[in-house]
Amino acid sequence: MLLLLGGVRHGLGMLAIQRAYLLSRSAHTLPQGLEYRPIKKVMVANRGEIAIRVFRACTELGIRTVAVYSEQDTGQMHRQKADEAYLIGKGLPPVAAYLHIPDIIKVAKENNVDAIHPGYGFLSERHDFAQACAEAGVRFIGPSPEVVRKMGDKVEARALAIQAGVPVVPGTDSPISSLQEAREFASTYGFPIIFKAAYGGGGRGMRVVREYEELEENYQRAFSEALAAFGNGALFVEKFIEKPRHIEVQILGDKYGNVIHLYERDCSIQRRHQKVVEIAPAAQLHPHLRDRLTSDSVSLAKKVGYENAGTVEFLVDRHGKHYFIEVNSRLQVEHTVTEEITDVDLVHAQLRVCEGRSLSELGLQQDKIRINGSAIQCRVTTEDPARGFQPDTGRLEVFRSAEGMGIRLDSASAFQGAVISPHYDSLLVKVIASGQDLPSAASKMLRALAEFRIRGVKTNIPFLQNVLSNHQFLYSTVDTQFIDENQDLFNLRRTQNRAQKLLHYLGHVMVNGPTTPIPVQAKPSSTDPVIPPVPMGEPPAGFREVLLKEGPAGFARAVRQHRGLLLMDTTFRDAHQSLLATRVRTHDLKKITPYVAHNFSKLFSVENWGGATFDVAMRFLWECPWRRLQELRALLPNVPFQMLLRGANAVGYTNYPDNAVFKFCEVAKENGMDVFRVFDSLNYLPNMLLGMDAAGSAGGVVEAAISYTGDVSDPARRKYTLDYYLQLAQELVKADTHTQCLTDVPEASRLLVSALRDRFPEVPIHVHTHDTAGAGVAAMLACAEAGADIVDVAVDSMAGMTSQPSMGAIVACTKGTKYDTEISLEKVFDYSEYWEVTRGLYAPFDCTATMKSGNADVYENEIPGGQYTNLHFQAHSMGLGHKFKEVKKAYAEANKLLGDLIKVTPSSKIVGDLAQFMVQNTLSRAEVEERADELSFPLSVVEFLQGHIGIPHGGFPEPFRSKVLKSLPRMEGRPGASLPAMDFQKLEADLQATHGTNITPEDVMSAAMYPKVFQEFKEFTANFGPVDCLSTRLFLEGPKIAEEFEVELERGKTLHIKALALGDLNKAGQREVFFELNGQLRSVLVKDTLAMKEMHFHPKALKDVRGQVGAPMPGKVVEVKVKQGQRVEKGQPLCVLSAMKMETVVNSPLAGTVAKVYVKADSSLEGDDLILEISE
């Protein structure tokens, strides 16, 4: 009767009948001299998956089961899988509970347990436990207490191996009792050596020492780990064999002296001496070596009278010599692969042998044991390979396992909602794959691992996938250094986890409100815009086709030769920047883009990028500006894109090294940008020339923009005269601008445009303005008549006020004239209808909340339209909303104080900051001038006067500048000229070290422009994922309870979500938010930020503060090795943490002095909890 896996094919109703039959049959087959004693009830003195594995075998044999559990394990699955379950170790630490022999024996006696299965780990190799069972009259499912003692004592086991003629590694004859003995052994045999726990295995208490300086620390750590894991810290020492294979042989003995082997397993793939992947049989093992290994294993087992299941472990060196390591007198974690290749149920066999059955009765003769195919076991653990396999803890928010032919799963706590604690081993589930050979088993394993969906904790699945794909693993042999020597295994493919991250985001918004600042208390519209119909097929050719064929110069000629007025549509950038605080999301831009491509191919360009949109995308919308450019380019291939480039400041508000500006333009061009409108807020020529050179070198169309201020028609205004603008234009044309742009020309437009047209007949002229005064349409028509080739417009529902003039009005006014735009007015109406509804989604940001109309007073105060809205919002936020008229008057006075500036971002903001400062402090212009040396001016004003943004036309105002700056340094010439070149390779390496290897050239440029904003953006997306796929209303305020909606992650992948409920506040300051995702219940825990302000929590280490040392993993503090005021060196041990029975030393990241210690021994920490602060 061979014990076959899956041999019991009947339902549970047949178990009693089957059990009775076996008992009846056994009475006639027992050998003489021994009594057959059936087992009716089995306790498993263990937890987790091994407990469940034994329970299942018992159930198949009709045996009743009993579980024991610690106080921390009340929610564990193993106690639910048993027929009975009892608490042990009340009041004891988590591990100590399962090591408390009196409690376990007491439960067994009180509940009529016949036999105890120890599983693996804990008490499984404690002879005193086996003896306690015997003395209590309870059978121990394993070897006799004496054999457990002999095999558990590594030194005695080694002596027995020598007696049996089995080769051994040089080592101590008995456990060492002091560090001095370790030193003596090392001096005799040399390094490397290895400490091993004398009374346990599994990698606990095992440390390799390669240098004398490491000896003491590793001795202490090995002793501490062994004591915590096995209740005894005794160690022995061996010579460490470099790069061996770790081969173990499964043995099985009965009570009659019979011993067989079930062939070998290769357990060489290890980290920290713990097995990660196991294979049976060992690949490419020479038959003669296999025979020696199995023969030696059986000989040793027979010599000691081994009974039940066990494992004999060997190291095999590179020359094929094998050395005995130890005997594990228990069932191994990896017993599963042996079961798969031999079809022998080892747990069934353990139970039957314990009852008194012989191996021959069970049909287990050596000549009948055959290897059938190959099997692989992967231990899926809650460890993060990217952080040195640090254990991770938390709640399993999602658990979806693999299945299918050739896959077996052994697990316990792997279910949605399970809490992974730091108290026990990090094993989550064992995955076993079987195939006809190793490659076929590996392919099944890879498929199975890819099917897993585990969210809430990190796992080692990406690492396991790399191992299983490795050519050496599949087609050669591996040794115990395989992981260390194949660092490409750590090039981990990050899981996307998009669905769960989105639920986290939605839950966060439902609990804490919007993640982007809301200026006014207005709700987004509940109505979604309707996208007008778009014809099938490719869109018609546009000016971009000319650009791609003829290059920037040919494009400029085509524009100049074009009959009719060309339009640039600002709806995608400046219009919403002016009206909606730049908050329009890619989600809404993408929807209408195909319509634009098919119906507005006659546009000169679409302005959709640069300026404030770049940083706002990351800072407030949590989306990548480069991805916006890429996606819009794919949807709008026929119309040129235009961006706003702030000269030497690129898309930032500060100075950058020259190579950063050049690199930015290069990457922008590669991603689809066509026209670079280059300006400088002071018309500072050196800054403009740098930006033009960068755009031109990238292959883009260079459009040099002259920012207008003053009034060229007023003879009294002598600073910014017509001649000033013509001379500046001359310099720009000389620098090879392809087109010429004029910005913010509310009056005297005909005079200036006419003069430019006369002076530069071949250069296209583009006019940009804001409609703040309401005269924008008239001004643009006048510019067209004066010779402008291109004017700016915004679609009607996004036009007017501080935005651009109406597209519909310009199209209607020029229809049938020589300025005809060739754009359908009907299509403009449909386009406008989409944006009218879309604008309602952004009601919390709409400027009409505080500003009901434009105002012609801009002719007097010269506030640019692009700033007018922002200044209005700022005044209200500072409590100056009722004084906005005064702010506008102060703006004109501030402008004069600063020397009458060209006013465009950022110079316009500098003037605005000074104006609000004056109103806030009730200061007149004269008072500011008089008290300039004592007032604390806004930083932007001080930095302007220092020369941070360049030199204004006519120089800085004196003596005002000197009085403000006093002794502060001053910058002469172009600010960026003195900056050292940016090292992009180093920046990329730094980003990869922080965020992983999937850093793109675009990410590098984002970090170069806005390092802090990019860092926050990456942290946000790591937590919340791709929020740009959410509708705008959901993004801003989240779903309502019971609301159902769909989210398209990508083409063909749509999530169906329903918001179910919002839970109460728990002790950790969290609320549980419940959803239904694709028909399945999901929940997320969200920190209530308002409630947490009133609750005390351990402080977190800030990643950007060098001296703050955080916990690398959740765990308990074993030892604090430093104290406040102590001097420490870089790399010096600071404290020791223990998690999942593995200890980690936290070392100092820098040299300095310990400023404050936040933990003490036995402190329980979460990941990144602050341990101590070091001051340099």
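Let me begin with Glu958, which is partly exposed, with a relative accessible area of 45%. In this talk, buried means under 20% relative accessible area, exposed means over 50%, and partly exposed lies in between, using a 1.4 Å probe and the protein chains only. The structure is a predicted model, in which local features need pLDDT of at least 70 and side-chain atom pairs count only at pLDDT 80 or more, while totals for chains, interfaces and linings use all residues. Residues are numbered from 1 along each chain as its sequence is written, and side-chain values use heavy atoms, with hydrogens and water left out.

Glu958 forms a salt bridge with Arg970, and the closest N and O atoms are 3.8 Å apart. A salt bridge here is a side-chain nitrogen of Lys or Arg within 4 Å of a carboxyl oxygen of Asp or Glu. Glu958 sits in the loop between helix H36 (939-946) and helix H37 (960-965), and Arg970 in the loop between H37 and helix H38 (984-995), so the pair ties together parts that are twelve residues apart in sequence. Arg970 is also partly exposed, at 35% relative accessible area. Helices (H or I, at least four residues) and strands (E, at least two) are DSSP runs, numbered from the N terminus.

I turn next to the other salt bridges. By the stated rule the count comes to 70. Glu785 pairs with Arg750, with the closest N and O atoms 3.0 Å apart. This pair links distant parts of the chain, since Glu785 belongs to helix H28 (residues 776-786) and Arg750 to helix H27 (residues 749-759), 35 residues apart. Glu785 is partly exposed at 48% relative accessibility, and Arg750 is partly exposed at 42%.

A further pair lies within one helix. The side chains of Glu217 and Arg221 meet in a salt bridge at 3.2 Å, N to O. Both residues are in helix H10 (residues 215-230), four residues apart, about one turn of the helix. Glu217 counts as partly exposed at 22% relative accessibility, whereas Arg221 is buried at 4%.

Now to the chain as a whole. The protein chain contains 42 helices and 42 strands. Its C-alpha trace spans about 125 × 65 × 55 Å along the principal axes. Of its 1176 residues, 59% count as buried. Contact means heavy atoms within 4.5 Å. Among contacts between residues at least 6 apart in sequence, 70% join residues at least 24 apart.

What of the interior? In soluble globular proteins, nonpolar side chains tend to be buried together. A nonpolar core is a set of buried Ala, Val, Leu, Ile, Met, Phe, Trp, Tyr and Cys residues joined through side-chain atoms within 4.5 Å. The largest such core has 146 residues, of which Leu567, Phe664, Tyr831, Trp835 and Met1009 touch the most other members. Helix H18 (residues 498-512) gives the most to this core, with eight residues. Leaving out residues up to four places away in sequence, Met1009 touches Phe614, Ala650, Val651, Tyr656, Ala660 and Phe664. Apart from this core lies another, of 41 residues, among them Val276, Val431, Leu438 and Phe473.

Leu644 is a residue of strand S25 (residues 641-645), and it is buried, with a relative accessible area of 11%. Beyond four places in sequence, the residues that Leu644 touches include Arg573, Trp609, Ala650, Val651 and Phe679.

How many disulfides does a search of the whole structure find? The search finds zero, where a disulfide is a pair of cysteine sulfur atoms within 2.5 Å. For Cys267, the closest cysteine sulfur, in Cys378, is 12 Å away, too far for a bond. Cys267 is buried, at 0% relative accessibility. Cys624 is likewise in no disulfide, and the nearest cysteine sulfur, that of Cys1029, is 15 Å away.

I finish with Ser1163, located in the loop between strand S40 (1152-1157) and strand S41 (1164-1165). Is Ser1163 buried or exposed? Ser1163 is buried, with a relative accessible area of 17%. Its side chain reaches the backbone oxygen of Lys1160 at 2.8 Å. Setting aside neighbours within four places in sequence, Ser1163 is in contact with Gly1115, Lys1116 and Val1117.

Note on methods:
Polar contact = N/O pair within 3.5 Å; in protein donor to acceptor, adjacent residues only side chain to side chain.
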